[in-house]
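Please follow the sequence and the three-dimensional model side by side. The paragraphs below take up charged side chains and the packing of helices.

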Amino acid sequence: MSETFATARWEPPVFAAPGRCPEDVVLHTAQQLDEMEAAAYQEGFARGHGEGYAAGLQQARNEAARLRELVTHLARPLAQIDEEVERTLVAMTVEVARRLVQQELELDPTRVLGVVREAIGALDGAGRELRVMAHPEDAELLQQHLVAPPEASSLRVIADRSLMRGDCRVSSEFAQVDARLDTRQANLAQSIMGESE
């Protein structure tokens with residue numbers, strides 16, 4: 001079998017004459033090449049530094065955000081504990097005050113006069129016909145010692161077995177003041193809690 005191959009003849013490349021450069025090629029000196037290399041290095045360094053700095057800054061921001069979230073998450077239970085401790089302290093304080101008031105009333109029952117006068121003062125002159133409801137033992141004391149304020153035309157003291165010693169309710173035809181110890185205690189607790197917020 002005979003095979004035929006197409007062949008092409010090889011031609012050597014054409015080079016410019018030795019010692020001559022084409023017109024558009026600029027040859028640089030060694031110093032110029034060193035300066036170009038240094039400039040390229042500085043440009044690459046600056047670009048790499050800027051990109052690295054930006055990436056590092058973004059990573060630091062991400063880490064800071066995670067840490068803030070962690071601290072916030074950890075602080076929530078502490079805030080709840082603080083609120084619980086505060087409520088407990090207020091409740092204990094109010095209970096101690098309640099017991100002191102009860103003890104003071106047992107030692108000096110005439111102290112109820114001050115409570116009733118304060119309740120009448122809270123009416124601020126609203127009405128001329130005053131009614132004072134108090135525990136029967138306190139009512140007896142009030143009937144003996146309580147004097148109607150000048151702006152009132154009448155003052156009635158009514159014994160109310162549902163009230164504890166030291167409790168009273170004062171009313172007129174226009175207003176009512178609840179000066180029961182439980183009410184005063186709740187108002188004190190609310191006042192204390194309101195101031196701490």
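Arg 66 is exposed, with a relative accessible area of 55%, a value that lies over the 50% cut-off for that class. The model in which this is seen is a predicted one, and the values discussed here should be read with that in mind. The partner of Arg 66 is Glu 63, and the two side chains meet in a salt bridge with an N to O distance of 3.0 Å. Glu 63 is itself partly exposed, with a relative accessible area of 35%. Both residues belong to helix α1, which covers residues 30-107, and they are three residues apart, about one turn of the helix.

In total, seven salt bridges are counted in the model. Another of them joins the side chains of Asp 138 and Arg 165, at 2.7 Å from N to O. This pair links distant parts of the chain, for Asp 138 lies in helix α3 whereas Arg 165 lies in the loop between β2 (154-159) and β3 (168-171), 27 residues away. Asp 138 has a relative accessibility of 1% and therefore counts as buried, while Arg 165, with a relative accessible area of 29%, is partly exposed.

A further salt bridge is formed by the side chains of Arg 180 and Asp 178, with 2.6 Å between N and O. Here Arg 180 is partly exposed at a relative accessible area of 30%, and Asp 178 is likewise partly exposed, at 26%. Elsewhere, salt bridges that share partners connect Glu 137, Asp 138 and Arg 165 into one network.

Helix α2 (residues 111-122) packs with helix α3 (residues 136-145) at an angle of about 75 degrees, and the axes of the two helices are 10 Å apart. Because angles of 65 to 115 degrees count as roughly perpendicular, α2 and α3 are roughly perpendicular to each other. From α2 the contact draws on Val 112, Leu 113, Val 116 and Arg 117, and from α3 on Asp 138, Leu 141, Leu 142 and His 145.

Key
Residues are numbered from 1 along each chain as its sequence is written. This is a predicted model: local features need pLDDT of at least 70, side-chain atom pairs count only at pLDDT 80 or more; totals for chains, interfaces and linings use all residues. Side-chain values use heavy atoms; hydrogens and water are left out. Axes are lines fitted to C-alpha atoms, for helices over the stretch in contact, and angles run from 0 to 180 degrees between N-to-C directions. Helices (H or I, at least four residues) and strands (E, at least two) are DSSP runs, numbered from the N terminus. Angles under 35 degrees count as roughly parallel, over 145 as roughly antiparallel, 65 to 115 as roughly perpendicular and the rest as oblique. Contact means heavy atoms within 4.5 Å. A salt bridge is a side-chain nitrogen of Lys or Arg within 4 Å of a carboxyl oxygen of Asp or Glu. Buried means under 20% relative accessible area, exposed over 50%, partly exposed in between (1.4 Å probe, protein chains only).
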